[in-house]
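Reader: Please show me the model. I would like to go through its side-chain contacts one by one.

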Amino acid sequence: MAQPSSSAKSSGTTSRVEMVQDNDSDWDAKGEAEVSGREMRPGSARASLDRRLSPVEDLKQRLSMWGESGIRDYSDSEEGSEYELLLDPNLPDEFSPENKLTNPNRDSASFDNETQMKNPADLEDSPYPEVRAAVRNYDEDLPCNTIRAWVIGMSLIFLGASMNTLFSLRNPSIGLGALIAQIIAWPLGHGWAKVMPTKQYTTFGIKWSLNPGPFNIKEHAIIVVMASVSFSVAYATDIILAQVVFYKQDFGIPFQLLLTISTQSLGYGIAGMMRKFLVYPASMIWPGNLVSVTLMNAMYEKADNRDPTVLGGNMPRYRWFAIITLGSFVYYFIPGYLAQFLSSFAFITWLYPTSPVVNQLFGYSTGLSMLPITFDWTQISGFVGSPMIPPWHAIANTLIGVVFFFMFLTPILHYTGTWYAPFLPMSDSSTYDNTGSSYNVSRILTPDFTLNEEAYKNYSPLFISTTFAMSYGLSFAAIASLVVYTYLHHGQTIWRQYRNSTTEQPDIHMKLMRKYKEAPTWWYMSLFVIMLGLGFVTILAFPTNLTWWAFLLAVLISFGFSLPIGIIQAVTNNQIGLNVLTEFIFGYIQPGRPLALMIFKTFGYITMSQALSFVSDLKFGHYMKIPPRTMFMAQVVATTFSCFIQIVVLNFALGNIKNVCTPQQAEHFTCPGGRVFFSASVIWGLIGPARIFSPGQIYSGLFFFFGVGAIVPVIFYFGAKKWPKSPLKYLIAPVIFGGSGAIPPATPLNYLSWGIVGFFFQYFIRKRHFAWWSRLNFLTSSGLDLGLALSTLLIFFAFTLNNINPPSWWGNDIVTSTMDAQDTAIQVVLPEGQTFGPATW
């Protein structure tokens, strides 16, 4: 699946470093899904002839000035991104501790010489150069468990969780990541320090103050952790949407809260047990955290060098951020409300609104968007995330998958009649019967919401659109390719670091953390037991059709896979998802139970995913020297608080948005995630994979994608070894197969426009105007996201809730008048009473 990197853990800041020109003989063909494998040569570092800095020192010296612009000409810097280097756990030999160019006695994350001389820890640093480049090797005694941090953190949780829950119902969806909280918290915290009284109070013997002094980096880190665990919309909300909206089954608010809280928090127990293996060892690097740590450290560097030679380079960074946010806020009223044709500029479908083929090929909603034109940031970033964050090569690999599988292979399959395609749409996330109508699940459901096999045989097999079928095939290939790719590129490293995780000596960061009281394991285990109990109540006190042993099996799957997948993620920054695996397992062992499948998949997949997310945050706190007990409190409180917020907002939206979750909803609150979740529950849960994918069934050919996914990484790997100068060295099979996983409900319009903007900023601007890119690129991205979210929120509360429709004129009416927008672009529409498909099923 496409995993846009929109959170603070996957984004950050990048500064300049001069890279050597392409030299194939020096290329290390180890690529990452989100990193660059390009090597740096020490000779390329900017240094005087008599005192040459090491590459790590030079890299971090530039990173220390967040957004600092230089006076150097970076037009020749093709891949000079420390953002990519920091995410690469396999940096070249020039960065090894043994290399004489690297000075391990220097804290490469800090450039306060007085502080360094005063700190004895300066004599010791991490054995891993990328960690030395990002993380300070000393600790400062700063308050972090403060009233200020909690108030700002909880306020941002309310804002982020409510907005993301509301926007998750929208197509395209909009998301606020923890990076937004990281940026917003800076002025809020410093403003608080200026205006609030400094008087101290004593309550139950505990001294506290509304203003304990200057806003500091540890308070800021706590706020980011709160945002990280609470901003993402709970997976369980899609279960609720599918159940309430599509299955017309509502167990009430208590069930929704129990389900959401238990699925979101069960992973804490696993995270606590995995600390010894995934947090404490220095070898468990968690590369995604390094950029966030670098950004956090850079935000508190005292110097703020400006560069008047670049656009916006002579103003404070937050003024630029405010201008971009305001501009994005005002502009979105045009494509989002006043002139909606600008959002999806599929002008060919306007000329031929009743042509099925034209609408299939050029449509923006249910077509392939062969001419991807949009003037709406929602379309560009809504499904995939901001294109200004991932490195260009990751964007390029994703585009290869989109172009080949969806722009080239999908039309061939569709127009050759594969999977009875002439009777079905080209691209949507709905399910259909053998008359071409929406699949009526009520006809095959028993009163207790299980499969009525006799009714199923008398009704119809299930059909899906061509892109939907292709997406399942690609998900099979992505799973296989990621396993093979990880083994080929990182197998030895993962095994070595697994062995080291229990035997290696503590590094400087572990030693520094020993001054704080550890959060006892029994805290985590107690929370695990409580959440396990809530899970049992959820599945047994309500008619979910999920047996107790199946629930325990789901938890066991999450627990069993957490360590190996956690090691892979800690080393490579890639997480292998278990969603398809859990659907496979339950679909075969207990078919015919759609709600049970959704719950099983959530406990079997999200519990592991949440556990590793919590572990990643614990490593972030480890790097930032946050007391473990404060981390535990911040994570648990933020997660629980966000669950209540999400359930309240979700029910408010379902009860107050007219025509919510229908394709005709005027403001695009069509519930794309819930619709896909519902379709998956029908495919894997109600009907079951044996009746859809097994040999002899309609979509049995998709199983071949498992073999394709396993073979292609091997071809790329050995091909790059044999021809080291060929483009094969840039290809990353898991990204090619899995990068386009949001189609459907996303369309190629979202990906192609995302890729075009990504090429402009992540390749062209970075290559030609590196000084601007390194200073303002990430702030620009965050400003566009925040302005869009605020504008959408205003439109929702000011117009949608008051039943004020957009103005009716050609620019708005034309968008909904095509077959593409109405999801009727089908080549063959059967007369009443006729069917297509197999005679028996």
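What follows is a set of questions and answers on rings, charges, a helix and sulfur atoms.

Author: This is a predicted model, in which local features need pLDDT of at least 70, side-chain atom pairs count only at pLDDT 80 or more, and totals for chains, interfaces and linings use all residues. Residues are numbered from 1 along each chain as its sequence is written, and side-chain values use heavy atoms, with hydrogens and water left out.

Reader: How many aromatic pairs are there by the rule used here?

Author: Rings of Phe, Tyr and Trp (its six-membered ring) pair if their centres lie within 6.5 Å. Planes under 30 degrees apart count as stacked, over 60 as edge-to-face and the rest as tilted. Under this rule the count is 61 aromatic pairs.

Reader: What kind of pair do Phe476 and Phe703 make?

Author: Their ring centres are 5.9 Å apart. Their planes stand at 65 degrees, so the pair is edge-to-face.

Reader: How many residues apart in sequence are the parts that Phe476 and Phe703 tie together?

Author: Helices (H or I, at least four residues) are DSSP runs, numbered from the N terminus. Phe476 lies in helix H19 (residues 466–503). Phe703 lies in the loop between helix H26 (672–687) and helix H27 (704–722), so the pair ties together parts whose separation in sequence is 227 residues.

Reader: Is Phe476 buried or exposed?

Author: Buried means under 20% relative accessible area, exposed over 50%, and partly exposed in between (1.4 Å probe, protein chains only). Phe703, at 26%, counts as partly exposed. Phe476 has 0% relative accessibility, so its class is buried.

Reader: Which residues do ring pairs link into a cluster?

Author: Phe476 and Phe703 both belong to the cluster. Linked by ring pairs, its members are Phe468, Tyr472, Phe476, Phe584, Tyr588, Trp684, Phe693, Phe703 and Phe706.

Reader: Which ring does Lys601 lie over?

Author: A charge sits over a ring if NZ of Lys or CZ of Arg is within 6 Å of the ring centre and within 35 degrees of the ring normal. Arg766 has its charged end over the ring of Trp773, 5.6 Å from the centre. For Lys601 the distance to the ring centre is 4.1 Å, and the ring is that of Phe677.

Reader: With which residue does Lys601 form a salt bridge?

Author: A salt bridge is a side-chain nitrogen of Lys or Arg within 4 Å of a carboxyl oxygen of Asp or Glu. Lys601 is buried, at 4% relative accessible area. The closest N and O atoms are 2.8 Å apart, and the partner is Glu583.

Reader: Which helices hold Lys601 and Glu583?

Author: Glu583 is buried, with a relative accessible area of 5%. The pair ties together parts 18 residues apart in sequence, because Lys601 and Glu583 lie respectively in H24 (residues 594–624) and H23 (residues 579–589).

Reader: How many salt bridges does the structure hold?

Author: Arg275 and Glu518 meet in one, at 3.1 Å from N to O. Glu453 and Arg691 meet in another, at 3.5 Å. The total for the structure is nine.

Reader: Where is the kink in H30 centred?

Author: Helix H30 (residues 770–800) has 31 residues and spans 42 Å from its first C-alpha to its last. The kink is about 55 degrees, centred on Leu776.

Reader: How many of the residues of H30 are buried?

Author: H30 is mostly covered. Of its 31 residues, the buried ones number 25.

Reader: Which handedness does the disulfide of Cys661 and Cys671 have?

Author: A disulfide is a pair of cysteine sulfur atoms within 2.5 Å. Cys661 and Cys671 are joined at 1.8 Å, S to S, and both are buried. The torsion about the S-S bond is about -65 degrees, so the disulfide is left-handed.

Definitions and conventions. Helix = DSSP H or I, 4+ residues; strand = E, 2+ residues; numbered from the N terminus. Expected span 1.5 Å × (residues − 1). Bend = angle between axes of the 7 residues up to and from the residue.
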